[in-house]
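The sequence and the model are shown first.

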Amino acid sequence: MGATNGFLRHTRIAAPYRDPLKRLDDYQEIYTPHDARGLAVQGSRCMDCGVPFCQSGTKSTHRIDRGGCPIHNRIPDWNDLVYRGHWRDALYSLHATNNFPEFTGRVCPAPCEGSCVLGITDPPVTIKNIEMAIVDYGFEKGWIVPEPPDSRTDRQIAVVGSGPAGLAAAAQLNRAGHLVRVFEREDRVGGLLTYGIPNMKLDKTMVVDRRINLLREEGIEFHVNSDVADGNSGTVSIGALAEEYDAVLLATGATAPNDLNVPGRELNGIHFAMDYLTASTKRLLDPSCDKAKFLDAKNRDVLVIGGGDTGTDCIATAVRQGCKSLVNFELFPAHPNQRSESNPWPEYPQVFRVDYGHEEVQARFGADPRVFSISTTSFLGDDNGTVQAVATVDVNLKDGKIGELQNTRREWEFDLVLLALGFRGPEHYIAEPLGLNFDSRSNYLATKGIYQTNVTNVFAAGDCRRGQSLVVNAINEGREAAQQIDLRLMGRTALSG
């Protein structure tokens with residue numbers, strides 16, 4: 001634990017973001033430099049719990065995995081080590097359960113903090129800040145270096161998809177000595193880490209590419225521009241992979257977006273959030289890329305429909321591009337400022353938050369961009385077939401059902417609409433040639449903890465199996481799937497899940 005009375009002596013002080021008006025001028029990361037001394041004080045607040053719910057994960061009768069760390073990070077251990085100044089030991093402890101703490105330390109919403117025992121009565125420990133600092137110091141000090149396996153097996157494994165689940169599985173399987181090849185349909189490795197999360201939240205060169213280069217030096221082979229399908233529509237045949245490799249892991253993500261099927265949806269100027277974010281990041285990384293695919297919000301009245309991380313990322317990107325105005329519609333009411341009775345500790349707290357994008361719009365335009373309890377009923381276009389307005393109605397939530405409020409119909413003027421409505425599951429063109437089974441939500445059917453599909457040597461993990469979720473859940477599933485694949489191929493395994 002930290003200091004025996006640290007949680008009594010010290011208050012929570014979270015690491016601040018950069019000034020919102022200054023960071024709006026660039027796409028650099030929003031984070032401020034780490035304060036080692038201040039983080040040691042924050043680590044001292046860890047209180048030697050009898051049961052550290054922060055690292056154990058939480059299940060309940062009505063919600064599953066709603067709190068605690070899905071990868072079971074040894075949080076009290078490295079809090080104590082940081083408090084005592086043993087940063088290298090803290091890094092070793094952190095890497096024991098998490099292949100990519102530099103990713104989770106930046107983009108994870110920290111369910112661990114929501115389950116911190118100290119959080120029952122006081123603000124929880126700043127776990128996420130400490131995690132990010134540990135791994136960043138590790139890279140800064142040169143402690144993180146390639147660690148290729150001492151020997152190789154004769155087993156070959158194909159991983160389809162290079163997001164967090166695919167990368168975690170590849171790292172673990174390579175560690176076991178297997179030859180691992182990762183196939184990615186985009187032009188860069190990283191999946192949503194590269195193109196789904198903006199650079200200001202997760203730097204592609206300094207953070208994502210740095211880790212991928214390490215994995216490459218450890219022996220993992222990456223194949224980009226490799227769209228795995230039936231062999232006719234794609235560049236790589238999934239059937240051939242299933243025949244040629246000892247195991248195939250599908251880690252393709254949940255990339256089929258939810259749509260908003262209301263009148264006027266066919267109008268120009270209405271785009272899926274991920275198309276917008278992908279094009280924006282491609283243009284940032286390569287200014288010479290195809291300009292026709294770049295969606296510019298400059299001098300436009302922008303509407304983002306849908307909240308969550310993806311909606312916030314669209315907000316932050318549009319305001320950096322110089323939009324004229326920005327509004328964010330959310331169907332549901334705002335969360336309360338404090339936990340409700342139906343959301344008890346140690347579940348993840350469903351409370352009102354101001355994320356980095358909201359803060360930036362507030363700084364630029366003087367108001368939070370969100371409008372709650374509102375439903376889009378139609379899109380209205382001009383004579384050229386381009387969206388120019390949106391019709392809405394106010395709604396309320398009662399007994400779990402959405403109802404319209406009378407006399408609340410309005411029209412809003414927008415000329416760029418971004419749909420951030422989540423995802424309905426994976427695209428099926430990869431799985432259909434194999435005859436894979438799907439669950440009731442259209443995800444690849446494979447039991448958690450086993451990850452075996454109905455095809456003998458084909459496994460599935462991450463969002464394509466469980467549905468849209470967090471990066472930390474994807475890492476958890478990638479690690480567990482790697483353990484099961486290694487066990488299947490070798491009859492035993494030393495990999496941890």
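The entries below cover the basis of the model, its strands, its cysteines and some backbone angles.

**Entry 1: Basis.** I noted that this is a predicted model, in which local features need pLDDT of at least 70 and side-chain atom pairs count only at pLDDT 80 or more, while totals for chains, interfaces and linings use all residues. Residues are numbered from 1 along each chain as its sequence is written, and side-chain values use heavy atoms, with hydrogens and water left out.

**Entry 2: An open sheet.** I looked up the strand order and found that 5 strands form an open sheet, β8-β16-β9-β10-β11, with parallel pairing. Helices (H or I, at least four residues) and strands (E, at least two) are DSSP runs, numbered from the N terminus. Two strands pair if DSSP finds at least two bridges between them. Which strands stand at the edges? They are β8 (270-272) and β11 (370-372); each has a single partner strand, so one side of each is left without a neighbour in the sheet. Neighbouring strands of this sheet are turned by 20 degrees against each other on average, direction ignored. Axes are lines fitted to C-alpha atoms, for helices over the stretch in contact, and angles run from 0 to 180 degrees between N-to-C directions.

Strands β9 (residues 301-305) and β10 (residues 325-330) run parallel and are joined by 5 bridges. Val304 has Asn328 of β10 opposite it. Helix α15 (residues 308-320) packs on the sheet and touches β9, β10 and β16 (416-419); contact means heavy atoms within 4.5 Å. The direction of α15 makes about 170 degrees with that of β9.

**Entry 3: Strand β1.** I checked whether β1 (residues 156-160) is enclosed or open. Of its 5 residues, 4 are buried, so β1 is largely enclosed by the rest of the structure. Buried means under 20% relative accessible area, exposed over 50%, and partly exposed in between (1.4 Å probe, protein chains only).

β1 is joined by 5 bridges to strand β2 (residues 179-183), and the two run parallel. Gln156 has Leu179 as its bridge partner in β2. From β1 the chain crosses through helix α10 (residues 164-175) to β2 in a right-handed β-α-β crossover. Right-handed means that, with the strands pointing away from the viewer, the path from the first strand over the helix to the second runs clockwise. β1 also runs parallel to strand β6 (residues 247-250), to which 4 bridges join it. There, Val160 has Leu250 as its bridge partner.

**Entry 4: Cysteines.** How many disulfides does the structure hold? I found 0 disulfides, a disulfide being a pair of cysteine sulfur atoms within 2.5 Å. The sulfur of Cys49 is 6.0 Å from the closest cysteine sulfur, in Cys46, which is too far for a bond. Cys49 is partly exposed, at 24% relative accessible area. Cys108 is in no disulfide either, with the nearest cysteine sulfur, that of Cys112, 6.2 Å away. Cys108 counts as buried, at 9% relative accessibility.

**Entry 5: Backbone angles.** Most residues other than glycine have a negative phi, and most peptide bonds are trans.

- The peptide bond from Trp345 to Pro346 is cis, with omega near 10 degrees; Pro346 is in the loop between β10 and α16 (356-365).
- Asn407 is not a glycine, yet has a positive phi of about 60 degrees. Asn407 is in the loop between β14 (401-404) and β15 (410-413) and is exposed, at 83% relative accessible area.
- Tyr451, also not a glycine, has a positive phi of about 70 degrees. Tyr451 lies in the loop between β17 (423-425) and β18 (458-460) and counts as buried, at 0% relative accessibility.
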